[in-house]
Each structure stands twice: as structure tokens, then as C-alpha cells.
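The sequence and structure are shown below.

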Amino acid sequence: MSRHIALSFIALLLTTQLIGQTSFDSELAIIDSTLNQTNFKLAMARIDSVAAENPELSRQAKLHIRRGHAFGGIGQPKARLEEYLKALDIWRKVGNEHEQGNTYLSIGNTYWDKDRFDEALVFYRKTLETGIK
């Protein structure tokens with residue numbers, strides 16, 4: 001792990017502890033930072049570790065989204081889409097329309113990136129129907 005990434009992790013942990021976030025929120029912040037630094041393999045390993053310790057459905061959905069982002073970063077659009085669809089299924093089960101909307105947007109972006117514009121538009125419309133802007 002590079003010194004920069006290690007320092008970022010420490011800063012995130014301290015920040016999340018100061019503002020009272022849960023350890024899961026801290027883990028998500030670290031995963032997000034790792035994804036933003038395009039260290040997708042490290043992010044995947046961390047996602048897998050956190051997923052094993054957090055079986056609650058909403059948490060699993062959040063991790064599927066991030067796993068989808070990581071697959072997108074390493075050029076695996078099929079796996080990216082599969083992860084987003086898993087998250088969408090969970091959001092539907094738990095009745096979280098806001099997160100359904102966010103997930104529709106991610107699915108639309110995935111189709112857009114694959115030049116499947118008609119399918120992307122279907123999901124962008126679904127995003128708008130949920131009120132996500």
C-alpha cells in the first residue's frame with residue numbers, strides 16, 4: 001500500500017470517528033477513496049472483506065454498487081451491470097425508492113458506456129420517475 005493511500009485511510013478513519021459515523025460508514029468512505037484513486041483491486045478486496053462482516057441487506061446493496069463501480073473501472077461491463085442489478089433487487093425488496101433511483105442511474109450509465117443508448121434511456125427515465133435528479 002502506498003504511503004499516500006495509507007495516509008488517506010488514516011485521515012478518513014479519524015474524520016469519520018470525529019463526526020460519529022459507524023464503522024460500516026468508515027469502511028464505505030475508505031472503499032470510495034480507494035475507488036477514486038483507481039485502485040480497483042484493493043477496493044474489491046476491501047469490499048469482499050466488509051461484505052462478509054455485514055449481512056444486512058441495505059449494506060449488501062451499497063457494497064454491490066461499489067463492486068459495480070470497481071468492475072467498471074477494470075473494464076468488465078457485464079460484471080458491472082450484474083452488480084448494479086443485484087443492488088436494485090435489494091433496494092426493491094427493502095422498499096428504498098431513493099436508492100432504486102440512484103441505481104437506475106448507474107445502470108443507465110453502464111448501458112450508455114456500452115453504446116446501448118436505447119436501453120440507457122429506459123433507465124434514465126426510471127431515474128426521473130423516482131425523483132432523483
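This is a predicted model: local features need pLDDT of at least 70, side-chain atom pairs count only at pLDDT 80 or more; totals for chains, interfaces and linings use all residues.

## Helices α5 and α6

Helix α5 spans residues 77-94 and packs on α6 at an angle of about 160°, with the two axes 9 Å apart. An angle over 145 degrees counts as roughly antiparallel, and α5 and α6 are therefore roughly antiparallel to each other. The crossing of α5 and α6 is left-handed.

On the α5 side, the contact is made by Pro77, Arg80, Leu81, Tyr84, Leu85, Ala87, Leu88, Trp91 and Arg92. Residues of α6 in this contact include Glu99, Gln100, Thr103, Tyr104 and Ile107. By class, the contact residues are 10 nonpolar, five polar and four charged.

## Helices α6 and α7

Helix α6 (residues 97-113) also meets helix α7 (residues 117-129): their axes come within 8 Å and cross at roughly 165°. These two helices are therefore roughly antiparallel to each other, and their crossing is left-handed.

From α6, the contact involves Gly101, Tyr104, Leu105, Ile107, Gly108, Asn109, Tyr111 and Trp112. From α7, Phe117, Glu119, Ala120, Phe123, Tyr124, Lys126 and Thr127 take part. Nine of the residues in the contact of α6 with α7 are nonpolar, four are polar and two are charged.

## Arginine 67

Arginine 67 lies in helix α4, which covers residues 57-73. Is arginine 67 buried or exposed? Its relative accessibility is 12%, so arginine 67 counts as buried, the cut-off being under 20%.

Apart from neighbours within four places in sequence, arginine 67 is in contact with Met44, Ile47, Asp48, Ala51 and Glu83.

Notes
Residues are numbered from 1 along each chain as its sequence is written. Side-chain values use heavy atoms; hydrogens and water are left out. Axes are lines fitted to C-alpha atoms, for helices over the stretch in contact, and angles run from 0 to 180 degrees between N-to-C directions. Helices (H or I, at least four residues) and strands (E, at least two) are DSSP runs, numbered from the N terminus. Angles under 35 degrees count as roughly parallel, over 145 as roughly antiparallel, 65 to 115 as roughly perpendicular and the rest as oblique. A crossing is left-handed if the near helix is turned anticlockwise from the far one by less than a right angle, and right-handed if clockwise. Contact means heavy atoms within 4.5 Å. Ala, Val, Leu, Ile, Met, Phe, Trp, Tyr, Cys and Pro count as nonpolar, Asp, Glu, Lys and Arg as charged, and the others, Gly among them, as polar. Buried means under 20% relative accessible area, exposed over 50%, partly exposed in between (1.4 Å probe, protein chains only).
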